[in-house]
Amino acid sequence: MSLIRWNSGSDLLNLHSELDRVFEALSGPLSAPLLAHNGATQTFLPLDIRRVDDHIEVQASVPGYKPEDVTVTVDAGVITITAQEQSEKQDPADGFLRRERYQGRLFRQVVLGEGVDGDNATAAFADGVLTVKVPMVARPEPKRIAIQSGTTKAGKTLDGDSPA
């Protein structure tokens, strides 16, 4: 018998998704305005963020979405990723026995910090994974300031007076 490492994060995410699905199914159309944004339900978009050499790399899984359905902005150190898929209205007679794949709006906003250059960020989309690279700007090194003593060689203080 082999041991399998327990990952509480994936269990929690699965529980979160299942609870969302149950509450959505129970509430029906009455709660749609509370869950809607511009007419589409919105859900959490999980991200992987890492620092790689001179940039920050953000990866988001957006399977089923086309590159033109995804929007990425970086403003004042905050990255915003939105994926909007136009879903068709569901007809109970469309033949589905079960529908679990998400259709709607994905949204995520994360603060990357002040040390990023959003103007030179790049994004690539391959195999349902969005990869955004945001360059980091070099922080200025602190400047050492020489400290002068209160008197000069002539016996006067720095402000020109003779010491008392």
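Two strands count as paired if DSSP finds at least two bridges between them. Keep that in mind for the first exercise, and remember that this is a predicted model.

**Exercise 1. Work out how S9 pairs with S8 and with S4.**

*Solution.* 
- Start with S8, residues 122-126: this strand and S9 run antiparallel to each other, with 5 bridges.
- For a residue to look at, take Phe125, which sits opposite Leu130 in S9.
- Now check the turn. The hairpin of S8 and S9 has 2 residues between the strands, and Asp127 there has a positive phi near 55°.
- Then go to S4. S4 and S9 are antiparallel too, over 7 bridges.
- On the S9 side, Lys133 is the residue facing Glu57.

**Exercise 2. Decide whether Thr82 is buried or exposed, and find what it touches.**

*Solution.* 
- Locate Thr82 first: you'll find it in strand S6, which spans residues 78-84.
- The cut-off for buried is under 20% relative accessible area.
- Thr82 comes in at 14% relative accessibility, so it counts as buried.

**Exercise 3. Describe the largest nonpolar core and the surroundings of Ile81.**

*Solution.* 
- The largest nonpolar core holds 18 residues, and Val58, Val62 and Ile81 have the most contacts inside it.
- Strands S4 (55-61), S6, S7 (105-111) and S9 (129-135) each give two or more residues to this core.
- Zoom in on Ile81. Leaving out neighbours within four places in sequence, its contacts include Leu45, Leu47, Val58, Val70, Phe107 and Leu130.
- As background, nonpolar side chains in soluble globular proteins tend to be buried together.

**Exercise 4. Find a nonpolar patch on the surface and classify Leu19.**

*Solution.* 
- Leu15, Leu19 and Phe23 make up a nonpolar surface patch, with about 310 Å² of accessible area together.
- Leu19 belongs to helix H1, residues 8-27.
- Partly exposed lies between the buried limit of 20% and the exposed limit of 50%.
- Leu19 has 40% relative accessibility, so it counts as partly exposed.

Technical notes. Residues are numbered from 1 along each chain as its sequence is written. This is a predicted model: local features need pLDDT of at least 70, side-chain atom pairs count only at pLDDT 80 or more; totals for chains, interfaces and linings use all residues. Side-chain values use heavy atoms; hydrogens and water are left out. Patches are made of residues with over 30% relative accessible area and no salt bridge: like charges are joined within 9 Å, nonpolar side chains (Val, Leu, Ile, Met, Phe, Trp, Tyr) within 5 Å. Accessible areas come from the Shrake-Rupley method with a 1.4 Å probe; for residues, only the protein chains shown count as cover. A salt bridge is a side-chain nitrogen of Lys or Arg within 4 Å of a carboxyl oxygen of Asp or Glu. Helices (H or I, at least four residues) and strands (E, at least two) are DSSP runs, numbered from the N terminus. Buried means under 20% relative accessible area, exposed over 50%, partly exposed in between (1.4 Å probe, protein chains only). A nonpolar core is a set of buried Ala, Val, Leu, Ile, Met, Phe, Trp, Tyr and Cys residues joined through side-chain atoms within 4.5 Å. Contact means heavy atoms within 4.5 Å.
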